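Colleague: I would like to go through the labels attached to this model. Please set each one against its cut-off.

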Amino acid sequence: MLGTLKKIFAFAGNRKGLLKKSLFFSFLNGIFASFQFGALYFIVDALASDNHSLTSVWLSLGMMMLSIAGRIFSSFFSMNEQTVVGYGMVADKRISIGDRLRYIPMGYFNKNNIGTITGIVTTTLGDVESSAPVALVNMIGGFFNSVVLILFLLLFNWQLGLVALVGVVCYLLVTEAATRKSTSTAEKRQSAQRGLVEAVLEYIQGMGVVKSFGFEKDSSQSIAAAIRDSNKGNLKLVYAVAPYIALQQLIVRIFSTILLILSIYLYTINAFSFVYGILFVVLSFTVFNNLESAGSQITMLQMLASSIDTANSVDNTPVMDEKGTDITLQDTNIVFDNVDFSYSTRKILDHVSFSIPEKTTTAIVGPSGAGKTTMCNLIARFWDVNAGKITIGGTDVRDFKLDSLMKNISMVFQSVYLFADTIENNIKFGCPDATHEQVVEAAKKACCHDFISALPEGYDTVIGEGGGTLSGGEKQRISIARAMLKNAPIIILDEATSSVDPENEDELQRAIEALTHNKTIIMIAHRLKTVRNADQILVLNNAHIVQRGTHAELIRQKGLYADFVSARQEAIGWKLG
Ligand SMILES: Nc1ncnc2c1ncn2[C@@H]1O[C@H](COP(=O)(O)OP(=O)(O)OP(=O)(O)O)[C@@H](O)[C@H]1O
C-alpha cells in the first residue's frame, strides 16, 4: 500500500507540492471535524449540570459553526488542489508519451498496436487523472484523522485508546492483504480495458471493409467479446476484494461494539464522568469512520498503481537517439555499407552495399515486397540496421539526433497521412514558421493550389482524420507540397505519383522535377518514364542488389530489369521503384 502511495507521489512530478497542500487541507478537515466532539462536550455538560447557563449553549453552537465552516473551507481547498494536480500531472505524462513515441523504433509499433497505445493515453490515464490525487488524499487523510482521534482517546482513557488502536492495526492488516490480492486482478482489468479500446478502434477504422464485405455481424461480435472481457475484468476486481471489504466492516463493527461496552462499563465503575461517558459512547460509533473511508480506496488505488505502471512503461521505452548529436551535413552522399536488415526472422537486406552520390537521382526497382520501402525507411532511421551501416555525408545515421537527421530528409510516402487540421497546417507540418504565401507557392508547384482554392474555406478547410475527406490524388499532392516547403537536401519519393491520375501526372512530374532540382533523390516509382532518367537504377531482389546502372546500361545487360521493361504491360506483380 505504501508502495502505491509513493508511486502516485512520484507520478505527480513537480506538482508534489500541490499534493502536499491538498493533504494539509485534508488534515485540517479532520481537525475541524473533531470540534464537533468539543461542541457535544459543552452541550452535554450544560444539560447534565444543575446550572443551565446559556454560555455553554453558545459555546457549543460556536464550536459547531467553526467545525462546519472549517470543514467547508478545507474540503474546498483540498479538492481544488487535487483537481489541479490530477489534470496537470496526466497532461504532462500524455505530452511526454507523445514526444517519446516520435523517437522510439518503429518495431515498437509492430508489437504494440494503435489501440493499445490509444487505450493507455486515453482510458488508462483518464482513471489516473480523475481519481489518483483524490484516492491518495482520502487514504492518507483518513488514516491520519483516525490516528488523531485515537490519540485523543488515549489521552483521556488509555484502555479505550488501546482497544481502538488494536482495531486500527487489525484493519490495516486486512487492508494490506486486500492490496496484495487486488494487484494482479487490477492489471488484468487494465488489459481488458485496453482490449476494448483496441476492438472499437479496429471496428471503426475498418468500417469500409466491414460494409463492403458484409461482415457487420462478425466484426461487432469482436467488440461484444471485448466488452464482455472488460466487464469480467471489472467484476473480478470487485469479487477479489469483496471478502476483504466484508472483513474490514466486521472489524470496525466488532471494535465499535467493544468500545461501546467498555465505555459503559468504565462509566459504571466511575472511571470517568457522565459527560465523558456520553462522549465516548458517541466516539465508539464514529472513531473508525475516517478509517473506513480510507480503506474503501484500496481497489481504486491498486487500479491506479497498475495504470501508472502501464503509462510509465510506454514513457520509459528506450529512444533511438539517446547517444545522437546535432550534426550539420557537409555533403549528402548516402552510403549503404554491408547492410543487413530483417523484420524478426524475415531477411530483407543481406550484405547490401551501394552509394548514392549527392545531387543525383537513384531509382529503386524490384518486385512487390522486395524491400524498397524498407530500404528508404532505413535511411531515415525508422528502423536500425542489424549489421553494417548507413552513412549520410560520412556520418552513421545512428550518430545523429533524430531531429538533426530528419531536418535533411523530406519523404513523400505511397500512403499519405494527413492530420485532422486545416490544409494550410498540413502543408506547414514540417515547417511551422512558413508564411501563407510560401504555403501557396508550394501548393502551386505541387499542382494542388487549384483544387484547394475551389474549396469553400480554401486553405482553412479542415480535413477529416487521415485526410478522409480528400481523394487519394489530392492527398498525395498535398504531401508533395509539404515536402516542397520543407526544402530538405535529400528527398525520398516512395511511389509519390501512384495515386495521381494521368492528366495530372505530367504536371506533377514537372513539379517533382522542380522539387528535386539540385537535391539527392531516392525514388520508388512504378512508371517507366520516371525511372528512365535516373542517374542510377538499383534492382532489388531476394535481399540483394542484383543489378545497378543507368536505364541504357541495364537494358543492355539483359537481366531482370530488361525483362521487366519488356514485360511491363503484363507484369502486374512488379513495380518499377
Ligand atoms: N513493419 C513491418 N513489420 C514486418 N514486416 C514488414 C514490415 N513492413 C514491411 N514488412 C515486410 O517486409 C517486406 C518488404 O516490404 P517493403 O514494403 O519494404 O517492400 P516493397 O518492395 O516496398 O513493396 P511494395 O512495392 O509492394 O510497396 C514485405 O514482405 C513486407 O510484408
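Colleague: Leaving aside neighbours within four places in sequence, which residues is Ala380 in contact with?

Modeller: This is a predicted model. With those neighbours left aside, Ala380 is in contact with Met406, Ile409, Met411 and Ile492. Such a contact requires C-beta atoms within 7 Å.

Colleague: How far apart are Ala380 and Met411, in sequence and in space?

Modeller: In sequence they are 31 residues apart. The C-alpha to C-alpha distance is 8.8 Å, but the contact criterion uses C-beta atoms.

Colleague: Where is Ala380 found, and why is Ala380 called partly exposed?

Modeller: Ala380 is in the loop between helix 12 (372-379) and strand 4 (387-392). Around Ala380 there are 19 other C-beta atoms within 10 Å. Buried needs 20 or more and exposed needs 12 or fewer, so with 19 Ala380 is partly exposed.

Colleague: What makes helix 2 roughly antiparallel to helix 3?

Modeller: Helix 2 (residues 16-48) and helix 3 (residues 54-101) pack at an angle of about 165 degrees. Angles over 145 count as roughly antiparallel, and therefore helix 2 is roughly antiparallel to helix 3. Their axes are 7 Å apart, and the crossing is left-handed.

Colleague: How do you know how the radius of gyration of the protein chain sets it against a compact globule?

Modeller: A compact globule of 577 residues would have a radius of gyration near 25 Å, whereas the protein chain has 35 Å. Along its principal axes, the C-alpha trace spans about 120 × 50 × 50 Å.

Colleague: What share of the residues in the protein chain is buried?

Modeller: Buried residues account for 36% of the 577.

Colleague: Which residues have the most contacts inside the largest nonpolar core?

Modeller: They are Ala481 and Ile537, in a core of 62 residues. Helix 17 (residues 472-486) gives the most to this core, with six residues. A second, separate core has 53 residues, including Ile8, Leu149, Val287 and Ala305.

Colleague: Which residues is Ile537 in contact with, leaving aside neighbours within four places in sequence?

Modeller: Among them are Ala363, Val365, Val531, Leu554 and Tyr561. Arg548, Gly549, Thr550 and His551 are also in contact with Ile537.

Colleague: And across the protein chain, what share of contacts between residues at least 6 apart in sequence joins residues at least 24 apart?

Modeller: That share is 80%. As for secondary structure, the protein chain has 21 helices and 11 strands.

How values were computed
Residues are numbered from 1 along each chain as its sequence is written. This is a predicted model: local features need pLDDT of at least 70, side-chain atom pairs count only at pLDDT 80 or more; totals for chains, interfaces and linings use all residues. Helices (H or I, at least four residues) and strands (E, at least two) are DSSP runs, numbered from the N terminus. The radius of gyration is taken over C-alpha atoms; the globule rule is 2.2 Å times the number of residues to the power 0.38. Two residues are in contact if their C-beta atoms, placed from the backbone, lie within 7 Å. A nonpolar core is a set of buried Ala, Val, Leu, Ile, Met, Phe, Trp, Tyr and Cys residues joined through C-beta atoms within 7 Å. Axes are lines fitted to C-alpha atoms, for helices over the stretch in contact, and angles run from 0 to 180 degrees between N-to-C directions. Angles under 35 degrees count as roughly parallel, over 145 as roughly antiparallel, 65 to 115 as roughly perpendicular and the rest as oblique. A crossing is left-handed if the near helix is turned anticlockwise from the far one by less than a right angle, and right-handed if clockwise.
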